[in-house]
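Have a look at it first, then read on.

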Amino acid sequence: DALLSSWALKSSQQPEPVPSKEVFVGLDVGTQGTKCLVYCPHEGRVVARSSVSYGLEPSHVQGRAEQKPSVWVSAVEDCLQSVGRQIGGYQVSGVGVSGQQHGMVALDSAGTPLRPAKLWCDVEAAEETEQLQTLARKAGYDRTFLTPGFTSPKILWMKQHEPELFQRAKWFVLPHDYIVMELASLQEQPVTDAGDASGNGFLDTTTRVNIASLADHIDPTLHDKLPRIIQPNEVAGYLNDHFRRLLGISDDKPIPVSAGSGDNMCSALGVGCVLPGMAVMSLGTSGTLFGVSDTPAPLNTPLAPFCSACGQHLPLACTMSCTGVLTQVLRECCPKGWTHEDACERLSESTSIDIGCNGLTFLPFLGGERTPNWPHATGALLGLTQQTMTNGDNNLLGLLWYRACMEAITFCLADTLQYFPSGKKLDKVLLVGGGAKNPFWRQMIADVLQCPLVFPVETESAALGAAFQAGAAATGTSVKEYVLQQNIEMEPAEVKPSPDNFKAYEVAFERYRSLGHKLFGKDSKQ
Ligand SMILES: Nc1ncnc2c1ncn2[C@@H]1O[C@H](COP(=O)(O)OP(=O)(O)O)[C@@H](O)[C@H]1O
Ligand SMILES: O=P(O)(O)OC[C@H](O)CO
């Protein structure tokens, strides 16, 4: 009896089942890995996360960078399955996708990739870029901005180098478009958004429509093979059974998949950069520096005149040589097994390596560079001396090289500041991306830019931005309003610049700049 009454008491005290909480899944399909998080707007926090890393193997052809779209799909499957196991009690109400920009994904009529995607960092189409830029100028499209990383030169390259495959292509989509197609079975009607589309090379970024005659220059059928551009908070389609199963969804409530966008656009949403005045630097495989603006980027600068993912503009500088190169230098030049943290710990403790790497300058353009527009550039190392080679410390050269690479990546990005309307003086920079976790690099960037750095608590800003977009689409809110309603937390401590270090960096910066221009600038004899 006592047992029974205690059981009766317990069962009457059972809490009412909690109504399941709405959550939004954000995916970021990056160059070296896919990241996924689940955001709960009611709790104002990320409640689950997962990631799959796949790296990017250097190609045996200089300037080529390709990846199979199936690698992204299987990473997305693994990520969704993993977060699905973590979110019991929550109700998935939308999915958003962020993706590496510019990649050319050529699909046949069944939506199957015809070849590996040519990525944003593939510069094989340098010649085609010049052809298209000349055509655009002649046709009076003076806002057309192209680099070999953009999609349109890659499509022309495919037509010229792989004509039979080109003829079989039914669609040319971007990496995030392809994932949205897969998630929502949109093989018959792919869609994109103006943010990612502004990296295709066809978009008029003021009217947000593709310029048909530019596509016609490549092929008269091409314009109809580009995905339809939908609004930032529009629903692209609904999650299909395969991905619902992976997420562990058992009811039959439709789950909207939003338009998605390029990773830089989504990253801006994820850090709350939806109003002019905020500068964001991202240290991913690419390095980027951007801010939101109500007007398009100024003409004739290396700033890409992108659209944002919420109806504004996103002038952006992108460098190709960032964490990918740093990781290669770590792997090839430092002792086996070292992590970025190991290298930086030793650099912090080292008394034999100064700012400026004891005179060693490294140009990190292993696969060419986009800003400056030097697609044929290569890596270069200058300043090796007897002391660098014979210090008696086995790791000295590796460490010097690693630090010289980090300095060069930083200089390359800092050099683009001159093109932004704000000029070189910034009040604050928000740092995101894989490299932003690195305390040693944080201080270096603050010192070179001479401005304080702030850090969002959520480091996967692109995935978070994609989740925000999904929330806006599911609730019919404007993306900008939705983002402004979220509480985006920053780390309490800023990193402040040291004025003393600036002078030493300035000397190294100038050495880096003049070596680059001598070797690869307009007047160089490459
Ligand atoms: N502490 C660190 N210092 C420097 N780079 C780092 C650090 N941690 C991770 N990375 C690098 O960051 C990159 C991943 O960043 P991420 O922004 O996710 O890139 P992507 O989206 O291009 O795949 C990898 O190249 C990784 O080696
Ligand atoms: O892989 P990420 O994050 O460096 O993305 C590549 C960018 O989209 C290029 O602009």
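Predicted model: local features only at pLDDT ≥ 70, side-chain atom pairs only at ≥ 80, totals over all residues.

Residues are numbered from 1 along each chain as its sequence is written, chains are lettered from A and ligands numbered from 1 in the order in which they are written, and side-chain values use heavy atoms, with hydrogens and water left out.

The protein chain averages a pLDDT of 93, and 95% of the residues score at least 70 (pLDDT is the predictor's confidence in each residue, from 0 to 100). Residues 1-12 fall below 50, and beyond near neighbours in sequence that stretch has zero contacts in the model (a contact means heavy atoms within 4.5 Å).

The peptide bond from threonine 371 to proline 372 is cis, with omega near 0°. Proline 372 sits in the loop between strand E20 (361-364) and strand E21 (379-382); helices (H or I, at least four residues) and strands (E, at least two) are DSSP runs, numbered from the N terminus.

Serine 185 isn't a glycine, yet its phi is positive, near 50°. You'll find serine 185 in the loop between helix H6 (175-184) and strand E9 (191-193). Arginine 208 also has a positive phi, near 65°, and lies in the loop between strand E10 (203-204) and strand E11 (209-210). Are these two buried or exposed? Serine 185 is partly exposed at 42% relative accessibility, while arginine 208 is buried at 19% (buried means under 20% relative accessible area, exposed over 50%, partly exposed in between, with a 1.4 Å probe and protein chains only).

## Charged pairs

The whole structure holds 18 salt bridges, each a side-chain nitrogen of Lys or Arg within 4 Å of a carboxyl oxygen of Asp or Glu. Lysine 118 and aspartate 122 pair up at 3.0 Å, N to O. Lysine 118 is buried at 0%, and aspartate 122 is buried at 0% too.

Aspartate 415 and arginine 513 bridge at 3.1 Å. Aspartate 415 is in the loop between helix H14 (396-414) and strand E22 (429-432) and arginine 513 is in helix H18 (residues 499-520), so the pair ties together parts 98 residues apart in sequence. Lysine 496 meets glutamate 494 at 3.6 Å; lysine 496 is exposed at 54%, and glutamate 494 is partly exposed at 27%.
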